[in-house]
Amino acid sequence: MDIATRVYNHKWKIDPIVRSLIDTDFYKLLMCQSVFRNKPDTDVTFSLINRTTRIPLARLIDEGELREQLDHIRSLRLSRGESTWLRGNTFYGKRQMFRPDFMEWFEGLQLPPYHLERRNDQYELTFEGKWHEVMLWEIPALAVLMELRSRAVLNDMRRFELQILYARAMTRVWEKIERLRQIDGLTIADFGTRRRHSFLWQDWCVQAMIEGLGTKFTGTSNCLIAMRREVEAIGTNAHELPMVYSALAKDDEALARAPYDVLSDWHEEHDGNLRIILPDTYGTVGFLDRAPDWLAGWTGIRIDSGDPAKGAETAIAWWKSRGEDPTQKRIIFSDGLDVDKIVELHRQFSGRAKVSFGWGTLLTNDFRGLVPDNGLAPFSLVCKAVSANGHPTVKLSDNPEKAMGPADEVARYKRVFGVGEQDRIQVVV
């Protein structure tokens, strides 16, 4: 595939960035089914948040072009082949992961309307409606903004400049893969959909991982690419679930229970490698200290904020305190990873637990230093649930740089969950 020529031809009036409703992360569909079953009447608002405010998205991206791409996404419907794949494929060793009632709803889904306004140099993009409908906007909205920013930077480059740019980027990815190939026992997946350089580039990176790493590459979070490349679709759950459940809590006592209520609902639906705890929404240490005993029996933990080594040590100590064998548990690292960190964490924890990596932005969007003024460097863009049934959501995280929510509610959550002083860590991506 000649990516440079394809990118050059993106100067056509409309070239869809998101080509399918399953051009999304697998965990979104798993969570969507859980919400569809357990919280079908919850109204939620999602909002785009550019953490890297120095990137003036509204100056870089034409509003009309952005609307064209968003309108195109609203025209998409699940295809017959995509429905067949979801209904009949085996995911995590289980057939018919997606129930018939959910699939019947999904096959008729049109994503709800969006609201877009320009606020100085940024866009205000929000989505409102039933939780199980609105939540499916998150990944395609991020993909559109990220790729339109890439296109804006690349717009004035000529064909040969683009060829050289992508040759350098491909060389960078392949050199990373060659280093990872040397790690005995490596288990790694692509988690790079949400902040990818482009769909074509993510697809190329997955193909490079398949060829370069063989069985060490376990799959991709992107459902469309997993289907096309015949690899595993990878993913479990995310912060969205405890954030919304907590916003729905009637009082402090219910709030303290909410993160465990989420996992209780999940426990009823899934087993095996889908029982992965994401403990950092309101502080990992406090979450584990108060966790019910049945949660210690889950398969593993995903570490997505804070110092990853510290988080892994906390998990290992917790398992031991609950009478569990950490060497039989899985630790998935997924925050801000690149090769040096992957090598370091694998060396530190291999043999002490089953170590896996979800490699995101610095796999699918590492163009740092390849254009003038570092104009293609990745940046931190998120699309989060900001309210549920009129109540604001809160995220504390193990890194206060990732915290979000009104100040008074943040203070309340810190009190309820016993979160004290935290170390600030720069958000890379």
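A residue is called buried when its relative accessible area is under 20% and exposed when that area is over 50%, and the legends below apply these words to a predicted model.

**View 1. Helix H2 and its covered residues.** Helix H2 is formed by residues 26–38, and 11 of its 13 residues are buried, so that under the 20% cut-off the helix counts as mostly covered. The buried residues of H2 are Phe26, Tyr27, Lys28, Leu29, Leu30, Met31, Cys32, Gln33, Ser34, Val35 and Phe36. From its first C-alpha to its last, H2 reaches 19 Å, which is close to the 18 Å expected at 1.5 Å a residue.

**View 2. The span annotated as the N-terminal domain.** An unreviewed UniProt entry places the feature "domain: Nicotinate phosphoribosyltransferase N-terminal" at residues 22–145. In the predicted model, this span is 48% helix and 22% strand, and its end C-alpha atoms lie 18 Å apart.

View 3. The loop between strand S3 (94–95) and helix H6 (100–107) holds Gln96, whose phi is near 55°, a positive value in a residue other than glycine. Gln96 has a relative accessibility of 59% and therefore counts as exposed.

**View 4. The span annotated as the phosphoribosyltransferase domain.** According to an unreviewed UniProt entry, residues 188–421 carry the feature "domain: Nicotinate/nicotinamide phosphoribosyltransferase".

**View 5. Strands S6 and S7 with helix H10.** Strand S6 (residues 188–190) and strand S7 (residues 217–220) run parallel and are joined by 3 bridges; within this pairing, Asp190 has Thr220 of S7 as its bridge partner. Together with helix H10 (residues 199–213), the strands S6 and S7 make a β-α-β unit, and this unit is right-handed.

**View 6. Glu230 in the loop between helices H11 and H12.** Glu230 lies in the loop that runs between helix H11 (223–229) and helix H12 (240–247). The phi of Glu230 is positive, at about 55°, although this residue is not a glycine. With a relative accessible area of 73%, Glu230 is exposed, because the cut-off for that word is over 50%.

Definitions and conventions:
Residues numbered from 1 in each chain as written. Predicted model: local features only at pLDDT ≥ 70, side-chain atom pairs only at ≥ 80, totals over all residues. Heavy atoms only, no water. UniProt positions renumbered as here; feature names shortened; annotations may be inferred. Pairing = 2+ DSSP bridges. Helix = DSSP H or I, 4+ residues; strand = E, 2+ residues; numbered from the N terminus. Right-handed = clockwise from strand over helix to strand, strands pointing away. Expected span 1.5 Å × (residues − 1). Buried < 20%, exposed > 50% of the residue type's maximum accessible area, 1.4 Å probe, protein only.
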